[in-house]
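Have the viewer open as you read.

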Amino acid sequence: MTIDEAPKYSDPLYQAAHDEAFSKPLFEKIQSVLPPDVSREDFDTALKQVVEVLGKDGVFIDEGLKDYVDPYEIPEAGQERNVPSAAVCPSSVPELQAVLKVMNEHKIPVWTFSRGKNLGYGGPAPRATGCVALDLHRMNSILEVNEKFSYAVVEPGVTFGDLYEHCAKNKLKVWPSTASLGWGSIIGNALDRGMGFIPTGVHHENVAGMEVVLANGDVVRTGQFAMSNSPSAHTTKLSFGPTIDGLFIQSNLGIVTKMGINLTPQPQAYMACSFDVPEFEHIETIVDVFGELRRNGTLPYMVYVFYIAEWATMFGKHSDWWKGEGPIPDWRLKEMQEDLDTGIWTVKFGLYGPTEIIKAQFDQVKRVVSKDAPVGRLRQTLFTGEDGGLLEATAVPPLYGGVRVGIPSMWNIPMVNYYNLREDSVGAHGAYSPIVPLDGKTVLEWARTAKGICAEQGFDFLCDFFMHERYAIFVTMLCFDKTSPEQRTGVDKVFHRLFDEGSRRGFAKYRAHINHMDLNAELFDFNNHAYRRFVETLKESLDPNGILSPGKMGIWPQRLKYLKQSN
């Protein structure tokens, strides 16, 4: 066993960002804990058995666990600190199966993750203190990229950056989607319903064929991938009988070790489009007009909307924009529209495909917007391939391209430093991110409410939302200086006020911080929480020892359910 680990990333940009995120914890010392209901003797025996499988450099304890805690933890939230008892890093399915065999033998729960980069939601930290961190980042093979059918098959450790580099190096005519930050796992992001910005950007909807290791070590494949010789293994979700892929999304019923994911065929042209409005209330117009364009197929892909205060985080800290107390006042936000050449709300969307088709699409958008949203400013910039050929993503300037043409980066990481005031300040963030129906009046009312709640604690309203056809994921970012007790306490109060107000309106978060999973799960209360009881029944059948990620998304094994209250 070791306390030092080799770099987690081959890309120095991502490794530096990882080191920065985990090198400045609130608490330097990581307390030594045991797994729940496991003796020291049994735990030591189990770790020795795992070392025999993985080697000493595959098992971490004590100070070697610094990369396995929540880097943005808030001690004032009143929760027990979420720390693992050890960490293990298998590099293959047989090694993973061997680890699970040991964990089952000693009834030691594990907390599974791919890259642990869902920062703001707990990162790699376990829901229940004492779980062994099961880190899959060493399972990092790109198994296939099919250019003709535009899909890839990857393992959990493959990042958005890895797949992009592979496709670029091999000059493949595909654009992989990427989330906002390129260091994350493709599988991990898809399983937590993450999103990108290009046509295949709703990642969990573009999964085709999974391989899953169950708690007992058995291996299951889904869809056509369940056939040993199907040429359609990753071309469709279609199965024969029940479709089970969804059981492993935001789930603790199994461990996904391979996944097919759709890619976007390299287009002939890309049009970067934006629409901005000058007044806060114009969000109602945005939602109703662009929502209809989403539903009728004029805008077939993701429409992304942001508020000016969030956009400003990319160009300076709060203190750069406002020297006074409290949130930036509305009159100053008006001035910032001129400074940033943007609106109070800005819509970003892309059109992809043959040049003449996307020109026609934009002409239709222009006709609708001119009639139904004349208060705003619609702009576009068209990029086409040379001589009518396919467009190279790198030919699009970063201002218009980047994640919107599938190029990963760490472009918005400075956002976390927005409230840093001192040289030794350390930026962090949380989020409240409910699913909201795509109705203009509903979204306007919620935006007003959320803005007011943030202001109560002196915070700016940092928000964006992703417009699907019928609903939006409305994300209120909760940035804070984690070295400031006042900001930590304030952010915690903001979150709980947002959660209470959202819940009262029937909103639930689309994903949750580890310490908020049970809160969110409680909202699904129909017929005495029949949904949860159904999944828990599956849990007891598939994982009778309750070793896989207990408490994930509010699903607890019966024998460890007491931890729900104690945590």
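## Ground rules

This is a predicted model, so to speak with care: local features need pLDDT of at least 70, side-chain atom pairs count only at pLDDT 80 or more, and totals for chains, interfaces and linings use all residues. Residues are numbered from 1 along each chain as its sequence is written, and side-chain values use heavy atoms, with hydrogens and water left out.

Helices (H or I, at least four residues) and strands (E, at least two) are DSSP runs, numbered from the N terminus.

## Two helix pairs

Start with α2 (residues 40-54) and α3 (residues 93-106), which pack at about 165 degrees with their axes 10 Å apart. Axes here are lines fitted to C-alpha atoms, for helices over the stretch in contact, and angles run from 0 to 180 degrees between N-to-C directions. That angle makes α2 roughly antiparallel to α3 (over 145 degrees; under 35 is roughly parallel, 65 to 115 roughly perpendicular, the rest oblique). On the α2 side, the contact (heavy atoms within 4.5 Å) involves Asp42, Thr45, Ala46, Gln49, Val50, Val53 and Leu54, and α3 brings Glu95, Ala98, Val99, Val102, Met103, Glu105 and His106. By type, that contact splits into 8 nonpolar, 3 polar and 3 charged residues. Ala, Val, Leu, Ile, Met, Phe, Trp, Tyr, Cys and Pro count as nonpolar, Asp, Glu, Lys and Arg as charged, and the others, Gly among them, as polar.

Now for α11 (residues 440-456) and α12 (residues 485-504): their axes come within 9 Å and cross at roughly 155 degrees. That makes α11 roughly antiparallel to α12. Trp446, Thr449, Ala450, Ile453, Cys454 and Glu456 of α11 meet Val494, Arg497, Leu498, Glu501 and Gly502 of α12. The residues in this contact come out as 6 nonpolar, 2 polar and 3 charged.

## Aromatic pairs

How many aromatic pairs does a search of the whole structure find? The tally is 31, where rings of Phe, Tyr and Trp (its six-membered ring) pair if their centres lie within 6.5 Å, with planes under 30 degrees apart called stacked, over 60 edge-to-face and the rest tilted. One of them is Phe280 with Trp345, a tilted pair at 5.4 Å centre to centre and 55 degrees between planes. Phe280 sits in the loop between β12 (269-277) and α6 (283-295) and Trp345 in strand β14 (residues 345-353), so the pair ties together parts 65 residues apart in sequence. Both Phe280 and Trp345 are buried (under 20% relative accessible area; exposed is over 50%, partly exposed in between, with a 1.4 Å probe and protein chains only).

Tyr432 and Phe495 have ring centres 6.0 Å apart and planes at 75 degrees, so this pair is edge-to-face. It links Tyr432 in strand β16 with Phe495 in helix α12, 63 residues apart. Tyr432 is buried at 0% relative accessibility, and Phe495 is buried at 3%. Elsewhere, ring pairs join Trp175, Tyr270, Tyr301, Tyr352, Phe383 and Tyr400 into a cluster.

## Loop residues

Ser150 is in the loop between β5 (142-146) and β6 (151-154), and is buried, with a relative accessible area of 7%. Leaving aside neighbours within four places in sequence, Ser150 touches Val174, Ile261, Asn262, Leu263 and Pro265.

Most residues other than glycine have a negative phi. Asp62, though not a glycine, has a positive phi of about 50 degrees, and Asp387 has one of about 55 degrees. Asp62 is partly exposed at 41% relative accessibility, while Asp387 is exposed at 82%.
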